[in-house]
Amino acid sequence: MKFLTFIAIVVLIWLVGLFAFADRVRGYTPAPEPARADAIVALTGPSAERVNAAIRLLEQDKGERVLISGVNREVRRQELRALTPGSNRLFNCCVDLGFEAEDTIGNAQEIAAWARAKDYDSLIVVTSDYHMPRALTEIRAAAPGVTLTPYAVETPSLDDSRWWRAAVTARRMTLEYMKYLAALGRAVVGKVAGDKPAAAPDAAPAPEAQGRTKAA
């Protein structure tokens, strides 16, 4: 009986956490106007909107440079440029491409290495609303001391207080919540153990040459 009670309590806590997480996700959008930071980082995803949002912030002088982390190696620089708004001059001079990241942990390591190389202390983080809690957790663990400002791209299907009634949105929110809990657990363990953030290769600068990239 005590065991069943314990299980019921754990399930209840998990459910409360899920709905709190969903409320946090929905609270990220619409994204408020961010204060200027040293730079802007965009984590690639299923659409070009994250990158587009980062380039728009660069045009508004919200940061000195942009890092696009986790770009697909099969995509040429010119092809990526063609999918983004803004001027060629800004893209060519002030956008760096990160080729190494294959997941959010890799994004965080790539971003941390880039920030250290550029001596940046503050970053605007651009990613999807549902991905933002996990992205911030991983980046904070990899780059402690760097101030992060979230700038979330809205996922229309999740902008509904009854997201749990549709199988697709319920699945996405639940899976992301589980991934977030895992990231949170890693961050806590790393902090307790006193682990230092792992170094990652520097992101490639904005070269004139045609780099190939890979999607995270």
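A disulfide is taken here to be a pair of cysteine sulfur atoms within 2.5 Å. The model is a predicted one, and by this rule the count comes to 1 disulfide. The pair is Cys 93 and Cys 94, whose sulfur atoms lie 2.4 Å apart, and the link between Cys 93 and Cys 94 is left-handed, with -75° about the S-S bond. In general terms, a disulfide is a covalent bond between the sulfur atoms of two cysteines. The two partners fall into separate classes of accessibility: Cys 93 counts as partly exposed at 34% relative accessibility, whereas Cys 94 has a relative accessible area of 13% and is buried, because buried means under 20%.

The helix α4, which spans 88–94, also takes part in covering another helix, α2. How many of the residues of α2 are buried? The helix is mostly covered, with 8 of its 11 residues buried, and these are Arg 50, Val 51, Asn 52, Ala 53, Ala 54, Ile 55, Leu 57 and Leu 58. What covers the buried residues of α2 includes, besides α4, the strands β1, β2, β4 (95–98), β5 and β6 (147–153).

Just after α2, the backbone of Asp 61 takes a positive phi of about 60°, although Asp 61 is not a glycine. Most residues other than glycine have a negative phi, and most peptide bonds are trans. Asp 61 is found in the loop that runs between α2 (49–59) and β2 (66–69), and with a relative accessible area of 45% Asp 61 is partly exposed.

Asp 119 also has a positive phi, near 60°, in a residue other than glycine. Asp 119 is found in the loop between α5 (104–118) and β5 (122–128). Is Asp 119 buried or exposed? At 63% relative accessibility, Asp 119 counts as exposed, because the exposed class holds residues over 50%.

The remaining backbone feature concerns a peptide bond. Thr 29 and Pro 30 are joined by a cis peptide bond, with omega at about -5°, and Pro 30 has its place in the loop between α1 (2–27) and β1 (39–43).

Key: Residues numbered from 1 in each chain as written. Predicted model: local features only at pLDDT ≥ 70, side-chain atom pairs only at ≥ 80, totals over all residues. Heavy atoms only, no water. Helix = DSSP H or I, 4+ residues; strand = E, 2+ residues; numbered from the N terminus. Buried < 20%, exposed > 50% of the residue type's maximum accessible area, 1.4 Å probe, protein only. Contact = heavy atoms within 4.5 Å.
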